[in-house]
Amino acid sequence: MEQVITIKTPLTGDVCKSLHAGDRVFLTGAVYSARDTAHHRMMEAIREGNPLPFPLQGETIFYAGPTPARPGMPIGAIGPTTSSRMDPYTPELLERGLKGMIGKGMRSSAVREAINRYCGVYFGAVGGIAALLTQCVQAATWVAYQDLGPEGIMRLQVLNFPLIVINDCHGGDLYRDRRLPDEAMANNERRLL
Amino acid sequence: MTELRNISCREIIHTVKNLFIKANTSLTDDVRAALCRARQDETSPLGQYVLDQILENEVLANRTQTPVCQDTGIAIVFLELGQDVHITGGNLYGAVSEGVRLAYADGYLRKSLCDPLSRTNTTDNLPPVIYTDVVSGNHLKIVAMPKGGGSENMSGTAMLLPADGCEGIKKYIVDRVKTAGPNPCPPIIVGAGIGGTMEQAALLAKKALLRPVGLPNPNDERLRRLEEETLAEINKTGIGPQGYGGCVTALAVQIDMRPCHIAGLPVSVAIQCHAARHQEALL
């Protein structure tokens, strides 16, 4: 296996440029949990001219909805959800300064193009290993949409969160490199709103 | 004919609650063994790395009583109810629901259900999906299956033509897996139901997932061959663990079948992520 690269959030353009599809990464710093309905609400806020729950500049969104924390613990189990469901919202967020995304599975061509254009990066976390991943979360605080329960936005402080670069800003794509079936790519395009 | 036997709602609530907590924080021996075999068979370094993490996660989940996956699922309950059972102290489905509610509240499990249109969370992970078979005897068998959304999203049903035959069935199953790609958290377990009606094929596929992983169809040699051939095709796709490439895309293909109408050939595919969680109890 390749050497593991250590990076910190917020992400800069230079950090994004230094990453390539297939790189193993340990990420440290703050990331924001947001999934389906949180994205829908953020888009509503943008359309209505209201401020977003957190400034996007340089930030990283983790497509995740954790289990509730046991007493004395910062968070419950946490892990990535399927990223492609957030594809319809993502190019606009990248345009507004979002840099990093953590999830699982493929992105649409529109998202991949936006990652290149706005110099972002899409990381994959392994799904179904939430007991392991939660050990990297040191603190969690509510940011917005608490009424959505697991779908609300939390600010998570992570330490050495294990990731793999799937899409880099140079057009690199781990799934394309691994020759995944065309049917899988086509499926994500069909899901675009 | 067995003797009439009372089973109390209290016992059912308690059992359902414990089953869902246990199912979410551990894997059964057959799933663990299948994942260990997958680790031996996988040749891609990235695939091996993913499988190592999956195996380490299960040990940790057990030790810390943390869910194996943050998606603790929609609660599916399969009941096998002996016709000589008398349920006391309430309503059977009410007791199952209460058991689910308590598991997700007291077990710190995620409440993952919402109104389909407003997307408002139901806040208690209710209602569960309950299927009941009434059988001879005076027992109640309860199977708890928390089912994750990512793999469920990749499942599907097709009404094939009789002319499509065995090759058509195989092609549909493999196409579903290819279309799913990395989304359902491979290595997956593929349940398939052939025959019956549209909805019965789907239920057969889902129930096929309850068979111990890798145990061939016990009733039909043709299905055993179809399972074997389909698994080989799936593992040639190169999707691999987590879609990062490799030779282990599925741990098993498990197929069940029923007669269907002379005009049709319903086929359903239920896709299960590697965190294949289910627990059962016999009352």
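## Close-up views of chain B in a predicted model

**View 1. Helix 2 and helix 3 of chain B.** The crossing of helix 2 of chain B with helix 3 of chain B is left-handed, in a model that is predicted rather than determined by experiment. Helix 2 covers residues 29–41 and helix 3 covers residues 45–64 of chain B, and their axes, which come within 9 Å, cross at roughly 155°. Because angles over 145 degrees count as roughly antiparallel, helix 2 of chain B is described as roughly antiparallel to helix 3 of chain B. On the side of helix 2 of chain B, the contact is formed by Arg32(B), Leu35(B), Cys36(B), Ala38(B) and Arg39(B), while helix 3 of chain B contributes Gln48(B), Leu51(B), Asp52(B), Ile54(B), Leu55(B), Glu58(B) and Asn62(B). Sorted by class, the residues of this contact between helix 2 and helix 3 of chain B comprise six nonpolar, two polar and four charged.

**View 2. Helix 1 and helix 4 of chain B.** Helix 1 (residues 9–25) of chain B packs with helix 4 (residues 92–106) of chain B at an angle of about 40°, and their axes lie 7 Å apart. The two helices, helix 1 and helix 4 of chain B, are therefore oblique to each other, and helix 1 of chain B passes helix 4 of chain B in a right-handed crossing. Among the residues of helix 1 of chain B that take part in the contact are Ile12(B), Val16(B), Phe20(B) and Asn24(B), and those of helix 4 of chain B include Leu92(B), Val96(B), Gly99(B), Leu102(B) and Asp106(B). The contact of helix 1 with helix 4 of chain B divides into 13 nonpolar, two polar and three charged residues.

**View 3. Helix 6 and helix 8 of chain B.** Helix 6 of chain B, made of residues 165–180, and helix 8 of chain B, made of residues 221–234, have axes that come within 10 Å and cross at roughly 40°. Helix 6 and helix 8 of chain B are therefore oblique to each other, and their crossing is right-handed. Helix 6 of chain B makes the contact through Cys166(B), Ile169(B), Lys170(B), Ile173(B), Val174(B) and Val177(B), and helix 8 of chain B through Leu226(B), Glu229(B), Thr230(B), Glu233(B) and Ile234(B). This contact of helix 6 with helix 8 of chain B has seven nonpolar residues, one polar and three charged.

**View 4. The four-stranded sheet of chain B.** Four strands of chain B form an open sheet with mixed pairing, in the order 6-9-7-8. Strand 6 (156–160) and strand 8 (250–260) of chain B are the edge strands, each pairing on one side only, and neighbouring strands of this sheet are turned against each other by 15° on average, direction ignored. Within the sheet, strand 7 (residues 188–196) and strand 9 (residues 265–272) of chain B run antiparallel and are joined by six bridges, with Ala192(B) standing opposite Val269(B) of strand 9 of chain B. Helix 7 (residues 198–208) of chain B packs on the sheet, where it touches strand 6, strand 7, strand 8 and strand 9 of chain B, and its direction makes about 145° with that of strand 7 of chain B.

**View 5. The two domains of chain B.** Chain B is divided into domain 1, which takes in 5–24 + 68–147, and domain 2, which takes in 150–275. The centres of domain 1 and domain 2 of chain B, taken over C-alpha atoms, are separated by 26 Å, and nine residues of domain 1 of chain B are in contact with eleven residues of domain 2 of chain B.

Conventions. Residues numbered from 1 in each chain as written. Chains lettered and ligands numbered in written order. Predicted model: local features only at pLDDT ≥ 70, side-chain atom pairs only at ≥ 80, totals over all residues. Heavy atoms only, no water. Pairing = 2+ DSSP bridges. Axes fitted to C-alpha atoms, helices over the stretch in contact; angles between N-to-C directions. Contact = heavy atoms within 4.5 Å. Parallel < 35°, antiparallel > 145°, perpendicular 65-115°, else oblique. Left-handed = near helix turned anticlockwise from the far one by under 90°. Nonpolar A, V, L, I, M, F, W, Y, C, P; charged D, E, K, R; others polar. Domains from an automatic or database assignment.
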